[in-house]
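The sequence and the structure are shown first.

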Amino acid sequence: MKRWKMTLLGIPVAAALLAGRAFVAPAVAQDKEDAKSQVKDLDTELAKQMEVIDEAMKKLRRTLRKAESNTESLEWIDKMEKAGVKSKDLAPAMAAKMPEAKRAEFVEKYKKDMEVFIKTVGELKAAVKEGKNDKAQEIFKALKDQEEKGHEKYTEQ
Ligand code: HEM
């Protein structure tokens with residue numbers, strides 16, 4: 001085949017590859033997101049509170065982008081704060097499997113991390129009240145980070 005013909009044939013192939021990438025990339029990002037938040041399903045009171053936090057975070061990802069949704073955002077933040085406070089007074093299921101000598105320290109650390117979480121939720125609330133949506137979205141990222149680290153430390157993956 002002539003060289004120019006081969007070049008011409010290559011154009012649709014390259015275009016298809018690029019288009020494929022454009023479709024595949026967001027799907028991969030979503031998978032990563034799901035994998036991160038994948039924690040073994042448990043039937044505990046703490047798991048119930050975590051579900052409340054999870055639902056609120058899913059709504060907030062969208063609502064925090066728009067100042068018009070700030071009233072709605074504040075409602076979700078309130079639910080998340082209450083669930084955080086309840087969670088702090090519970091202990092991870094994993095604690096029961098710890099050697100007794102380490103259990104108290106493990107639960108203390110968990111509670112400290114939950115306190116940081118609640119404090120950060122408070123900062124999120126303040127930012128939304130002040131109409132600082134950019135700042136609120138930064139704080140949202142910090143909460144996602146705390147989720148990831150919290151699950152690494154206190155759940156069985
Ligand atoms: C944005 C923040 C967070 C979200 C969206 C989130 C979400 C979840 C979800 C969906 C579960 C599974 C619940 C089920 O089994 O049905 C879970 C479990 C759990 N999470 Fe979180 N979480 C967050 C933050 C944290 C933090 C900061 C910690 C610790 C400091 C933590 C500790 C745990 C533990 C220990 C469990 C297992 C439940 C148990 O042991 O009874 N999470 N979380």
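## Overall fold

The model discussed here is predicted. The protein chain contains 5 helices and 0 strands, and its pattern along the sequence reads α-α-α-α-α. Of the 157 residues in the protein chain, 17% are buried. When contacts between residues at least 6 apart in sequence are considered, 69% of them join residues at least 24 apart.

## Packing of the helices

Two packed helices are described by the angle between their axes and the distance between the axes.

| Helix pair | Crossing angle | Axis distance |
|---|---|---|
| Helix 2 and helix 3 | roughly 155° | within 9 Å |
| Helix 3 and helix 4 | about 165° | 10 Å |
| Helix 4 and helix 5 | roughly 165° | within 9 Å |

Helix 2 and helix 3, the latter spanning residues 70-88, cross at roughly 155°. Angles over 145 degrees count as roughly antiparallel, and helix 2 and helix 3 are therefore roughly antiparallel to each other. The crossing of helix 2 with helix 3 is left-handed. On the side of helix 2, the contact is formed by L46, Q49, M50, V52, I53, A56, K59, L60 and T63. Their counterparts in helix 3 are E72, S73, W76, K79, M80, A83, G84, K86 and S87. The contact of helix 2 with helix 3 comprises 9 nonpolar, 5 polar and 4 charged residues.

Helix 3 also packs against helix 4, at an angle of about 165°. Helix 3 and helix 4 are therefore roughly antiparallel to each other, and helix 3 passes helix 4 with left-handed geometry. Helix 3 contributes N70, S73, L74, I77, M80, E81, G84, V85, S87 and K88 to this contact. From helix 4 come K111, M114, E115, F117, I118, V121, L124, K125 and V128. By class, the contact of helix 3 with helix 4 has 10 nonpolar, 4 polar and 5 charged residues.

Helix 4 in turn meets helix 5, and their axes cross at roughly 165°. Helix 4 and helix 5 are therefore roughly antiparallel to each other, in a left-handed crossing. The residues of helix 4 that make the contact are Y110, D113, V116, F117, T120, E123, L124, A127 and V128. Those of helix 5 are K135, A136, I139, F140, A142, L143, Q146, G150 and Y154. Here the contact of helix 4 with helix 5 divides into 12 nonpolar, 3 polar and 3 charged residues.

Is S73 buried or exposed? A residue is buried if 20 or more other C-beta atoms lie within 10 Å of its own; S73 has 26 such atoms and is therefore buried. S73 belongs to helix 3. Apart from neighbours within four places in sequence, S73 is in contact with L60, T63, L64 and V128. Along the chain, S73 and V128 are 55 residues apart, yet their C-alpha atoms are separated by 7.6 Å.

N133 is part of helix 5. With 19 other C-beta atoms within 10 Å, N133 is partly exposed. Not counting residues up to four places away in sequence, N133 touches L64, R65 and A67. N133 and R65 are 68 residues apart along the chain, with 6.4 Å between their C-alpha atoms.

Q137 likewise lies in helix 5. It is partly exposed, having 15 other C-beta atoms within 10 Å. Leaving aside neighbours within four places in sequence, Q137 contacts L64 and R65. Between Q137 and A127, which are 10 residues apart in sequence, the C-alpha to C-alpha distance is 9.3 Å.

## The shell around the ligand

Which residues are closest to the ligand? The ligand is surrounded by 25 residues, and the closest are T44, M50, P92, E147 and G150. Helix 2 (45-63), helix 4 (100-129) and helix 5 (133-154) are the elements that each give two or more residues to this shell. The largest share, 7 residues, comes from helix 2. By class, the shell around the ligand consists of 15 nonpolar, 5 polar and 5 charged residues.

Key
Residues are numbered from 1 along each chain as its sequence is written. This is a predicted model: local features need pLDDT of at least 70, side-chain atom pairs count only at pLDDT 80 or more; totals for chains, interfaces and linings use all residues. Helices (H or I, at least four residues) and strands (E, at least two) are DSSP runs, numbered from the N terminus. A residue is buried if 20 or more other C-beta atoms lie within 10 Å of its own, exposed if 12 or fewer, and partly exposed in between; C-beta atoms are placed from the backbone. Two residues are in contact if their C-beta atoms, placed from the backbone, lie within 7 Å. A residue is near a molecule or strand if its C-beta atom, placed from the backbone, lies within 6 Å of it. Ala, Val, Leu, Ile, Met, Phe, Trp, Tyr, Cys and Pro count as nonpolar, Asp, Glu, Lys and Arg as charged, and the others, Gly among them, as polar. Axes are lines fitted to C-alpha atoms, for helices over the stretch in contact, and angles run from 0 to 180 degrees between N-to-C directions. Angles under 35 degrees count as roughly parallel, over 145 as roughly antiparallel, 65 to 115 as roughly perpendicular and the rest as oblique. A crossing is left-handed if the near helix is turned anticlockwise from the far one by less than a right angle, and right-handed if clockwise.
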